[in-house]
Amino acid sequence: YTDNLRENILRGIRQKIRRGELSTKTPFGYFNEPRLRTIEPDKKTFNKVKKRLEAFATGNYTLSQIRDKMFSLGLVGLKTGKKMSLSSVEHILKNPFYYGYFLYRGELHQGSHKPMISKKLFDKIQEALIANGKPRKKRKEKKEFLFLNFAKCGECGYSITAERHIKKSGLEFVYYRC
């Protein structure tokens, strides 16, 4: 019985996705219309989110600046009522739902909802995310030891290896052994 029920539910979800309907809770700026069972723009937040997306696409703002602008417009976290976390703002900026598509199980599907922005603007936002992203520290390139596996120990016949030790003071020592 439960296996059959599961199959029926999954069939219904697949059918809903083919019609272009998101089977989960809608993202920020939209709401689920319970009577019509459609996704509609939220009159209070739709235009505010749209303006923030367009502002970020210019490349003049960072994630934290956009979050502060959203907070000043009254766009707050749904559960906390405080400023959104940076990861929530980043999720909004990366969500394809805003240009008319949605992800379901790693696949991109066209939605039947009203898109907030164009695909071109979405691509500009993705470029701005990369350009304004937090720079990551790059690891120093490992210095290779010279003549490894070149010389053999006269006593035991093993290859000579090396180790690098760095003290807290920054002094670096290289030990060769077999």
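Author: The questions below concern helices in this predicted model.

Reader: How many residues does helix 2 have, and what distance separates its end C-alpha atoms?

Author: Helix 2 covers residues 46–57. Its twelve residues should span 16 Å at 1.5 Å a residue, and this agrees with the model. The helix has twelve residues, and its end C-alpha atoms are 17 Å apart.

Reader: Are helix 2 and helix 5 parallel, perpendicular or oblique to each other?

Author: Two packed helices are described by the angle between their axes and the distance between the axes. The axes of helix 2 and helix 5 (residues 119–131) come within 8 Å and cross at roughly 55°. Angles of 65 to 115 degrees count as roughly perpendicular and those under 35 as roughly parallel. The two helices are therefore oblique.

Reader: Which residues of helix 5 make the contact with helix 2?

Author: The crossing of the two helices is left-handed. On the side of helix 2, the contact is made by Leu53, Glu54, Phe56 and Ala57. From helix 5 come Leu121, Lys124, Ile125, Ala128 and Leu129.

Reader: How many residues of this contact are nonpolar?

Author: The contact of helix 2 with helix 5 includes two charged residues and no polar ones. The nonpolar residues number seven.

Reader: Against which elements do the buried residues of helix 2 pack?

Author: The buried residues of helix 2 are Phe46, Val49, Arg52, Leu53, Ala55, Phe56 and Ala57. They pack against strand 1 (30–33), strand 2 (38–41), helix 3 (63–72), helix 4 (86–94) and helix 5.

Terms used. Residues numbered from 1 in each chain as written. Predicted model: local features only at pLDDT ≥ 70, side-chain atom pairs only at ≥ 80, totals over all residues. Heavy atoms only, no water. Axes fitted to C-alpha atoms, helices over the stretch in contact; angles between N-to-C directions. Helix = DSSP H or I, 4+ residues; strand = E, 2+ residues; numbered from the N terminus. Parallel < 35°, antiparallel > 145°, perpendicular 65-115°, else oblique. Left-handed = near helix turned anticlockwise from the far one by under 90°. Contact = heavy atoms within 4.5 Å. Nonpolar A, V, L, I, M, F, W, Y, C, P; charged D, E, K, R; others polar. Expected span 1.5 Å × (residues − 1). Buried < 20%, exposed > 50% of the residue type's maximum accessible area, 1.4 Å probe, protein only.
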